[in-house]
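Open the model in your viewer and keep the selection tool at hand.

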Amino acid sequence: APPGLRWCVAGRNRSKLEALGAPAVVVCDADHAADVDALARRARVIVGFAGPFVQYSDALVAACVRHGTHWIDICGEVAWHRSLLDRFGDRARATHALVVNHCGFDSLPSDLGALFAVNALRSRAADPALRVATVMNYQVGLGGISGGSLATGMAMTSHPVVLSAGVDVDSPFLLGGEPSCGARKEDGPETEAWFDDALQCWVGPFQMADINLKVVRRSNALLGYGPDLSVREVGVCFTEKQARKAAKQAVTPTPPAIIAKMIEAGRLPKPGEGPPPSLRAVSRFQATVIATAEMVGGAEAPLPEDVCVTVSGGECGYEETSKMAIEAGLALIYESATCPGIVAGGGFFTPAAAMGTTLINRLDRAGIRFEVLPGRAAPAAKQSIQAFVARAEAVKRAGQQKPGKAKL
């Protein structure tokens, strides 16, 4: 950020805050209404990292909406997002507060990746209004797991958010974006593993797809990719066994009580724990997104070729998630004139609809790469994914062979 930026870190423990070396600290307990209100009143933008967000950030978002303060977070709590939208949507527009959830790995690579692919497809067709038929996202990564993310997932299961009467929390269109043709089988959750012949790899359910797809569908509702857009997201697996294990987990997830026992036994990380620096240093993620155009005007009408793009970066849970959220906050300060959500007057937006290409460009400059792959989509995707898998296998072998290296 430019040197003139005035920023602070806020939390409930002064000594821990001061140890971070930030230029200023604000002691603020999420359960203390006066603290929360004072923080929101003083800030122009607040970037929230404290989850589970329904527990630690609900009052702070409400205060931001009251005072017209912009809010960015890294939550994956879609039901909480819907609850906020129902309770505070009108007020946020009235105070011009911009509220943007899901600005971490949940769900920037998926949301901005879809926007980037749609824009690339429309550019290739030289048609800015081209209707998009499908967006298919292949997620692949190498790294560890966050104790905070585990805690949030358990909280979402054991203490579900109470929504307005008639709202189906399990709907794939909880945040909007239902196609004009109505819900289809493909809009439901992925539950199977299969070998993708075009990409020559095993794929299975991706654990965060249920979150990410709801966000992308809301972006479609706000930005108009296509009235009957079908959006899917799967995980690329290194082996058939891994793919089938993901499918089994999708159908029969591990009960929260079992996860709690594993955390207590030290087999899974506790809140505040995560991958060590040695593992984060070698971890990578990549989202490979293929977009196809909708056929309009009969079978004789030519369609532009499918387009394939990638979004890639380093360790997603800590290194890149922090980068994603902070760059989103800086975009609202230094490039507000080109952030569509601010231009529209505030309210609840997805990352793609709030900051769009402005945030894509910022992240690309910060090392999270957005690339349009040359050539035909399927062969380009196959080559890119195979290259990622080959690098990941090499890292795994190196980690297993060298003492002191984290095993992946």
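This is a predicted model: local features need pLDDT of at least 70, side-chain atom pairs count only at pLDDT 80 or more; totals for chains, interfaces and linings use all residues.

Next, select residues 284–293, the whole of E10. Nine of the 10 residues in this strand are buried.

Now select residues 307–313, strand E11. E11 runs antiparallel to E10, and seven bridges join the two. To see one of them, pick threonine 288 and its bridge partner in E11, threonine 310.

Move on to helix H12, residues 316–334. Show the side chain of glutamate 315, which caps the N-terminal end of H12. One of its side-chain oxygens lies 2.9 Å from the backbone nitrogen of glycine 317. Further along H12, the buried residues include Met324, Leu330 and Leu332.

The last stop is a cavity. How many cavities of 30 Å³ or more does the structure hold? There is one, and the largest cavity contains about 40 Å³ of space. Select Ser110, Ala114, Val135, Asn137, Leu213, Val216, Val231, Arg232, Glu233 and Val289 to display its lining. Six of these residues are nonpolar, two are polar and two are charged. Helix H6 (108–125), E6, helix H8 (209–223) and strand E9 (230–237) each supply at least two lining residues. E9 gives the largest share, three residues.

Technical notes. Residues are numbered from 1 along each chain as its sequence is written. Side-chain values use heavy atoms; hydrogens and water are left out. Buried means under 20% relative accessible area, exposed over 50%, partly exposed in between (1.4 Å probe, protein chains only). Helices (H or I, at least four residues) and strands (E, at least two) are DSSP runs, numbered from the N terminus. Two strands pair if DSSP finds at least two bridges between them. A polar contact is a pair of N or O atoms within 3.5 Å; within protein, one must be able to donate a hydrogen and the other to accept it, and residues adjacent in sequence count only if both atoms are side-chain atoms. On a 1 Å grid over the protein atoms alone, a cavity is a set of points where a 1.4 Å probe fits but cannot get out, and a pocket is an open set with protein on both sides within 12 Å along at least five of seven lines; lining residues have an atom within 4 Å of a point. Grid points are joined across faces, edges and corners, and a volume is the space filled by probe spheres set on the points. Ala, Val, Leu, Ile, Met, Phe, Trp, Tyr, Cys and Pro count as nonpolar, Asp, Glu, Lys and Arg as charged, and the others, Gly among them, as polar.
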